[in-house]
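Visitor: I have just opened this entry and would like a short tour. Could you begin with a term I shall need?

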Amino acid sequence: MTDRQTVSSGTKWEAMAGYSRAIRYGNHVFVAGTTATDSEGNIVGEDDPAEQTRFILSKIEAALIEAGASLKDVVRTRIYVVNIDEWEPVARVHGEVFAAVRPANTLLAIDALVGPGYLVEIEADAIIGAGDAI
């Protein structure tokens with residue numbers, strides 16, 4: 001394996017904006033800000049921040065697996081929400097998924113995401129092998 005591996009989810013936005021869904025460098029994996037966009041470009045859970053969070057975390061998990069990591073290896077997440085009043089359903093889903101892992105996390109409210117209907121965006125950083133002790 002080369003020192004740097006790119007992972008794509010195949011969306012048109014990656015090529016247009018010049019980014020990768022994830023980058024693996026050595027045993028570190030960095031997953032880009034991820035929204036609840038399906039493979040057809042549709043928003044999943046348009047009015048439901050918890051559903052968007054579940055879908056986003058499943059996309060992040062798929063990118064991690066392709067890069068040779070898992071959710072157990074996640075050491076840091078960053079969550080962006082457009083409505084701070086909806087932080088709790090988002091946090092609860094994050095807590096369900098990462099109950100045993102408990103990565104460092106930041107949750108921020110921002111004015112807007114990439115388009116209307118997007119309520120949540122999440123980034124994740126992982127270190128392959130970090131979950132071995134869990």
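This is a predicted model: local features need pLDDT of at least 70, side-chain atom pairs count only at pLDDT 80 or more; totals for chains, interfaces and linings use all residues.

Visitor: Is E40 buried or exposed, then?

Guide: E40 has a relative accessible area of 65%, so with the limit for exposed set at over 50%, E40 is exposed.

Visitor: Where does E40 lie?

Guide: E40 belongs to the loop that connects β3 with α2. Its C-alpha atom is separated by 9.9 Å from that of K12, and the two residues are 28 residues apart along the chain.

Visitor: And H94, is that buried or exposed?

Guide: H94 is part of helix α3. Its relative accessibility is 9%, and because buried means under 20%, H94 counts as buried.

Visitor: What does H94 touch?

Guide: Leaving out residues up to four places away in sequence, H94 touches T53, L57, T77, I79, P103 and N105. Two of these, T53 and L57, are among the α2 residues that meet α3.

Visitor: How do α2 and α3 pack?

Guide: Their axes are 8 Å apart and form an angle of about 35 degrees. The crossing is right-handed. On the α2 side the contact involves P49, A50, T53, R54 and L57, and on the α3 side P89, V90, V93, H94, E96 and V97. Sorted by class, this contact has 7 nonpolar, 2 polar and 2 charged residues.

Visitor: Let us turn to the sheet. What is the order of its strands?

Guide: The sheet is open and has 6 strands, in the order β1-β2-β3-β6-β4-β5, with mixed pairing. β1 (4-7) and β5 (104-109) are the edge strands, each pairing on one side only. From one strand to the next, the twist averages 10 degrees.

Visitor: Which strands run antiparallel?

Guide: β1 and β2 pair in the antiparallel sense over 4 bridges, with R4 opposite Y25 in β2. β2 and β3 also run antiparallel and are joined by 4 bridges; there, A22 has V31 in β3 as its bridge partner. β2 and β3 form a hairpin with 2 residues between them, and G26 in the turn has a positive phi of about 65 degrees.

Visitor: In what sense do β4 and β5 pair?

Guide: β4 and β5 pair in the parallel sense, over 6 bridges. R76 stands opposite A104 in β5.

Visitor: Where do the two helices sit on the sheet?

Guide: α2 packs on the sheet and touches β1, β2 (22-25), β3, β4 and β6, its direction making about 30 degrees with that of β6. α3 lies across β4, β5 and β6, and runs at about 160 degrees to β4.

Visitor: Which residues of the largest nonpolar core touch the most other members?

Guide: This core has 27 residues, and those that touch the most other members are V29, V31, I60, L64, V74, V120 and I122. At least two core residues come from each of β3 (28-34), α2 (49-66), β4 (74-81), α3 (87-97) and β6 (120-127). α2 gives the most, with 6 residues.

Visitor: One last point: what is V31 in contact with?

Guide: Apart from neighbours within four places in sequence, V31 is in contact with R21, A22, I60, L64, E123, A124 and D125. I60 and L64, like V31, are among the core residues that touch the most other members.

Methods: Residues are numbered from 1 along each chain as its sequence is written. Side-chain values use heavy atoms; hydrogens and water are left out. A nonpolar core is a set of buried Ala, Val, Leu, Ile, Met, Phe, Trp, Tyr and Cys residues joined through side-chain atoms within 4.5 Å. Buried means under 20% relative accessible area, exposed over 50%, partly exposed in between (1.4 Å probe, protein chains only). Contact means heavy atoms within 4.5 Å. Axes are lines fitted to C-alpha atoms, for helices over the stretch in contact, and angles run from 0 to 180 degrees between N-to-C directions. A crossing is left-handed if the near helix is turned anticlockwise from the far one by less than a right angle, and right-handed if clockwise. Ala, Val, Leu, Ile, Met, Phe, Trp, Tyr, Cys and Pro count as nonpolar, Asp, Glu, Lys and Arg as charged, and the others, Gly among them, as polar. Two strands pair if DSSP finds at least two bridges between them.
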